[in-house]
Amino acid sequence: MLKLVAQQLRHQMRLISRASDVSYTKATASVTSGVSSSQEQQQSTQPPSIEVNKALEGWPEKLRKAGVGDIDFNLKCLVAHVLGRKFNTVKDYNNLLFTDTQMQNFERLCEARCARMPLQYILGEWDFMDLTLKTSPSVFIPRPETEEFVSKVIEVYRDVKEPIKMLEVGCGSGAMSLAILHALPNVQSTAIERGNAATELARENAKLVGLESRFIVYHHTMEEDKYLPSELANETYDLIIGNPPYVKSEEFPLLQPEVVCYENLNALDGGPDGLRVARLVFNLACKHLRPGGKLWLELGEDHPPLVQTIMDTQYEGRLRYIAGYKDQYKRNRFVEIEKPETAN
Ligand SMILES: C[S@@+](CC[C@H](N)C(=O)[O-])C[C@H]1O[C@@H](n2cnc3c(N)ncnc32)[C@H](O)[C@@H]1O
């Protein structure tokens, strides 16, 4: 059913792309093949001669027709990327020039954005809290709300002086673990991730930010009764975190094309009530959380009360719901669960 929704959306995107005079397939292929890397642009010896203001002509309208929001921000990010500069160093376009190659690259990237490829995939990197991490097509793009979730976890553990053994379930790009490791030097993180590309990217990001000695990523799909890889079968953790796929099946048609067409459905699909993967994490926590340890999850807006009921009715004596916390939009999104000291 979800694959069908994604297929239909991709078809619609091709129609939108045609209407805005760009090619969805060409745009996607040219960006993912890395034709426009900023390194290549910097190596160019051509003199810059094309005014950026001129190069921009027509693109706001094409992007608008394609349904892209915040066009000024998108264009500024793309111009900065093509020039090999940080976004915040481009104040306006006056006196900025492209070489011929940069101009061609800019047009390719704009085409990709018209085809609704997420800006994060086009640029190939994105900031998460204090870290700049690589992004990669099909690996889940860390969201701003996840920064709030991670900040909350950091705040709670900031004063703990003892070593903290953490497990992350479904680490994607590694953003959550890496931000926590960056802030808290006494944490050691082990992560599991079902996606091959995501596992590789998380390892690459750990190296990029110099945290690989405290972050180990296993390519493993958590399943009932096989929650962790066999080498971790007897491990317990002080803290388990996760942002499991939590989109309800019925919500898929409401998602933006950027999400459905380009992100991995395995990173999003939470089943009929959005808690299919979270339920596995609850069972994992019963087995792999030490008594007194905490499970923190980022979930969907309706989930905290439902999780509280599930804890009270199905996990009594094994896991205890502590609290739900709101994100900046006042949506109840983050849950804190404890394994009682008396549980075994
Ligand atoms: C919503 S994404 C979150 C990624 C990352 N934690 C973040 O916040 O950016 C969920 C991640 O869980 C992974 N995942 C889903 N089901 C899994 C399972 N059964 N075992 C391991 N990883 C899983 C997906 O591949 C995806 O990378």
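Student: Which strands pair in the antiparallel sense over 6 bridges?
Tutor: Strands β10 (residues 320–326) and β11 (residues 332–338). Pairing requires at least two DSSP bridges between two strands. Strands are DSSP E runs of at least two residues, helices H or I runs of at least four, both numbered from the N terminus.

Student: Is this a predicted model or what, and what are the cut-offs?
Tutor: The model is predicted: local features need pLDDT of at least 70, side-chain atom pairs count only at pLDDT 80 or more, and totals for chains, interfaces and linings use all residues. Residues are numbered from 1 along each chain as its sequence is written.

Student: Back to the hairpin. What stands opposite G324?
Tutor: V335 in β11. The hairpin has 5 residues between its strands, and K330 takes a positive phi near 65 degrees there.

Student: New topic. How many residues are in the largest nonpolar core?
Tutor: 54, with I180, I240, V281 and A285 having the most contacts inside it. A core joins buried Ala, Val, Leu, Ile, Met, Phe, Trp, Tyr and Cys residues through C-beta atoms within 7 Å. Buried means 20 or more other C-beta atoms within 10 Å of the residue's own, exposed 12 or fewer, partly exposed in between, with C-beta atoms placed from the backbone.
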